[in-house]
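Trainee: I've got this one open on my screen. Can we go through what sits around its ligands?

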Amino acid sequence: MTRSTLKRCVTASVIAIGAFFLGTNWLAYPVSARGEDPGQQAAAPTPTAEKPAEQAFKNIKALNGLPESQLAPVMNMISASLGVQCIQCHVKNGDVWEFDKDDKKAKLTARKMIQMTMDINKTSFEGHIDVSCYTCHQGHGRPVPVPSLPRPMPPANAAAPGGARPPEQPQINPQEVLAKYSKAVGAKEAIDKIKTRELKGTHVAANGMNLEFEIKLVLPDKVAVLVTAPQGAIAQGVSGDSGWVKNPREQRAMNNTELARARSLIWSLDPLPIKEPYPRMLFAGTEKIGDKETIRLRMNTPDKRRAVLYFDKESGLLLRRVLYTDTPVGSDPEQIDFEDYRDEDGVKIPHTIRVSYLDNFSTATRKITDMKTNVKVDDSAFAAPAAK
Ligand code: HEC
Ligand code: HEC
């Protein structure tokens with residue numbers, strides 16, 4: 001292996017691990033492109049204020065006004081909708097992405113399509129984002145314009161798969177679902193007792209990479225993650241509204257996407273993430289996950305996303321949460337599946353957590369192998385290491 005291939009491989013896997021819990025590393029791109037030193041950012045780990053995309057990036061012509069944190073969701077959604085990778089539209093010069101360049105025809109077409117999709121929703125759907133890239137493309141570069149023959153015979157009382165609206169379902173009271181859920185998790189006193197957690201486990205990424213992690217958690221809003229990777233340690237910490245990332249290549253403040261994903265991590269380890277008084281939720285039908293019948297409830301989150309929660313009809317436990325980031329060209333979903341609930345200090349906690357994202361690096365299965373509750377966790381665990 002030549003030095004440069006080696007360097008490329010190492011960079012690629014660092015990027016994959018950089019995304020370990022929290023987001024996509026290419027987001028660092030506009031920072032370096034503006035010539036700022038990423039090391040300096042880490043010294044002041046404050047969350048970056050939201051700028052419109054045209055100020056945060058170099059060559060935005062269609063997505064004007066998009067909050068900068070939504071650019072990653074949009075790009076992931078576009079790639080998944082067309083079944084392609086970033087390279088389809090963007091230029092990579094050696095190891096360096098030049099996302100602002102307009103050299104590829106596909107990017108120019110995509111820009112027109114972004115405009116078209118926004119226009120369709122505006123003029124034909126009263127501004128609701130009913131049409132996304134996926135509506136037409138369904139994972140194909142070019143949408144399939146004609147149904148294929150021979151036409152499969154529709155069943156007698158035809159509801160096409162994924163097509164027709166599901167039949168009306170009897171209403172289920174969300175508050176009852178939530179009450180059953182919180183009872184299934186454990187007694188209130190046992191839940192209230194849990195203040196800190198220390199856990200170890202394995203993280204298997206979608207590309208098969210297997211890593212070990214350690215997590216320290218102080219409820220409600222502090223987490224520190226240490227990942228042991230062949231290239232060295234990767235550490236991440238969040239305390240309240242700010243967070244940092246340190247890997248062998250760089251140390252910097254977390255961007256908004258990473259912070260949001262860190263919060264999802266804390267959420268997935270909270271003994272009772274949905275607290276009383278329960279937020280306003282609406283019944284959203286039933287659905288099977290594997291062989292389990294679930295009740296779906298939906299709500300809007302404080303950070304202006306939509307959440308759909310899936311509760312096991314039988315046990316009452318939470319089996320899935322999907323968070324949708326709604327962008328002007330469609331929604332970017334984040335899905336967390338909770339499995340293997342076991343009793344820890346009188347509280348049921350999932351020991352297998354699957355996270356799925358539209359981007360290529362972040363989808364993974366985490367298995368908890370060791371968990372301690374209410375051990376003393378020093379505050380220094382969450383502070384950014386001193387910049388070199
Ligand atoms: C189908 C084409 C397409 C794909 C695939 C795609 N993009 Fe884009 N990307 C665009 C277009 C078009 C724009 C410009 C949008 C505009 O003008 O408002 C853009 C803009 C960007 C920008 C802003 C660049 C700048 O400084 O102006 C970044 C960063 C970016 N994309 C990253 C990505 C990443 C990362 C991926 C893969 C996950 C990706 N894109 C996949 C079409 C694409
Ligand atoms: C209303 C349907 C519709 C929507 C919505 C739509 N597209 Fe398309 N798109 C098409 C059709 C049809 C074609 C093929 C045109 C052709 O064959 O020349 C196409 C072609 C493309 C191509 C060129 C593919 C190629 O191989 O030549 C790109 C890139 C593309 N679309 C990106 C997008 C993106 C990104 C979005 C969302 C922002 C989007 N499209 C939304 C219908 C749609």
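**Around the two ligands**

Mentor: To start, 25 residues surround ligand 1, with a heavy atom within 4 Å of it, and the closest are Met75, Cys86, Cys89, His90 and Arg111. This is a predicted model, where local features need pLDDT of at least 70, side-chain atom pairs count only at pLDDT 80 or more, and totals for chains, interfaces and linings use all residues. Residues are numbered from 1 along each chain as written, chains are lettered from A and ligands numbered from 1 in written order, and side-chain values use heavy atoms, leaving out hydrogens and water.

Trainee: Which element gives the most to the shell around ligand 1?

Mentor: Two elements give two or more residues to that shell, α5 (71-82) and α6 (105-124); helices here are DSSP runs (H or I, at least four residues), numbered from the N terminus. The one that gives the most, with six residues, is α5.

Trainee: What arrangement do the donor atoms make around the iron atom of ligand 2?

Mentor: From the protein, Met113 (SD) and His137 (NE2) coordinate the iron at 2.1 to 2.4 Å, donors being N, O and S atoms within 2.8 Å of the metal (3.2 Å for Na, K and Ca), with water not among the atoms, so sites may look incomplete. Six donors count as octahedral if opposite ones are over 155 degrees apart and all others between 65 and 115. Here the six donor atoms subtend angles of 86 to 179°, so the arrangement is octahedral.

Trainee: How many residues apart are Met113 and His137?

Mentor: Met113 is in helix α6, and His137 is in helix α7 (residues 133-137). The pair links distant parts of the chain, and the separation is 24 residues.

Definitions and conventions. Four donors count as tetrahedral if all angles lie between 85 and 135 degrees; four count as square planar and six as octahedral if opposite donors are over 155 degrees apart and all others between 65 and 115; anything else is irregular.
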